[in-house]
Amino acid sequence: MHPMWKIAAICVGIIVGVGGARWFDVADSWWYGAVIVLLIGVWFGKRCWVILIAFSLGLCIGIERGRIELHAQAVFQPVIGRHVQVEGRVMNDPDTNRQGELTLTLGGLTANGHHLSGKLWVTTANRPGIQRSDRLVVDGKLAPGFGGTTVAIKSARVISVQREHPGDIALSVRDDFAEH
């Protein structure tokens, strides 16, 4: 049996597992050991029934990945639609949308002293000088996220911007290279 069939079965299992994470929970630690044993068995197995084990392995991985994302969303659920203040680190270079607003993705989120998982998508009036790796405190109404972001704040007010020194070294190198 060609190894690509095994990899394909694992990938299909991951997709089905992420979709099924709402209904299944594999948070028990013995699942991790079972997944490692299944992975070894799948990789060295030569029979057709190994495809079923590969699918099951992918299913376990997908359920765990989906469960992590659902947990990140559940933390924000009580405050969706409310006015909040969130601190986070700018993960990507700031961009401008069609309305001329600055769009940012924040990670490493904290609110009221609690660390939160997930990503926050923010739009705000253009605030010059915001760079990747800056720490921002933003204020606004929290909305459900989309795509790879957990939550969003549209038309946020930027309260503070902190830049660590030396900050993002790769950004400094890129900007220096662009100037010359």
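**Figure 1. Helix α3 of the predicted model, residues 50-76.** At 1.5 Å a residue, the 27 residues of α3 should span 39 Å, and the end C-alpha atoms lie 40 Å apart, so the two values agree. Buried positions in α3 include Val50, Ala54, Leu57, Gly58 and Cys60. Further along the helix, Gly62, Ile63, Glu64, Gly66, Ala72 and Phe76 are buried as well. Residues three or four places apart in an α-helix point the same way, because there are 3.6 residues a turn.

**Figure 2. The protein as a whole.** The protein has 4 helices and 7 strands, which follow one another from the N terminus as α-α-α-β-β-β-β-β-β-β-α. Of its 180 residues, 34% are buried. The accessible surface is about 11400 Å², and carbon and sulfur atoms account for 61% of this area. Among contacts between residues at least 6 apart in sequence, 66% join residues at least 24 apart.

**Figure 3. The largest nonpolar core.** This core has 20 residues; Leu106, Leu120, Leu136 and Val138 touch the most other members. Two or more residues each come from β1 (83-90), β3 (102-111), β5 (120-124), β6 (135-144) and β7 (151-162). Strand β3 gives the most, with 5 residues. Another core, of 6 residues, lies apart from this one and has Ala9, Val35, Leu57 and Cys60 among its members.

**Figure 4. Contacts of Leu120.** Neighbours within four places in sequence are left aside here. Leu120 is then in contact with Val86, and also with Leu104, Thr105, Leu106 and Leu109. Leu120 is one of the residues that touch the most other members of the largest nonpolar core.

**Figure 5. A nonpolar surface patch at Ile36, Ile40 and Phe44.** The three residues make a patch of about 350 Å². Ile40 belongs to helix α2, residues 30-44. Ile40 counts as partly exposed because its relative accessibility is 49%, and the exposed class begins over 50%.

**Figure 6. Positive phi at Ser133 and Ser155.** Ser133 has a phi near 80°, a positive value in a residue other than glycine. Ser133 sits in the loop between β5 and β6, and its relative accessible area of 17% makes it buried, the limit being under 20%. Ser155, also not a glycine, has a positive phi of about 55°. Ser155 is part of strand β7 and counts as exposed, at 53% relative accessibility.

Terms used:
Residues are numbered from 1 along each chain as its sequence is written. This is a predicted model: local features need pLDDT of at least 70, side-chain atom pairs count only at pLDDT 80 or more; totals for chains, interfaces and linings use all residues. Side-chain values use heavy atoms; hydrogens and water are left out. Patches are made of residues with over 30% relative accessible area and no salt bridge: like charges are joined within 9 Å, nonpolar side chains (Val, Leu, Ile, Met, Phe, Trp, Tyr) within 5 Å. Accessible areas come from the Shrake-Rupley method with a 1.4 Å probe; for residues, only the protein chains shown count as cover. A salt bridge is a side-chain nitrogen of Lys or Arg within 4 Å of a carboxyl oxygen of Asp or Glu. Buried means under 20% relative accessible area, exposed over 50%, partly exposed in between (1.4 Å probe, protein chains only). The expected span of a helix is 1.5 Å times one less than its number of residues. Contact means heavy atoms within 4.5 Å. A nonpolar core is a set of buried Ala, Val, Leu, Ile, Met, Phe, Trp, Tyr and Cys residues joined through side-chain atoms within 4.5 Å.
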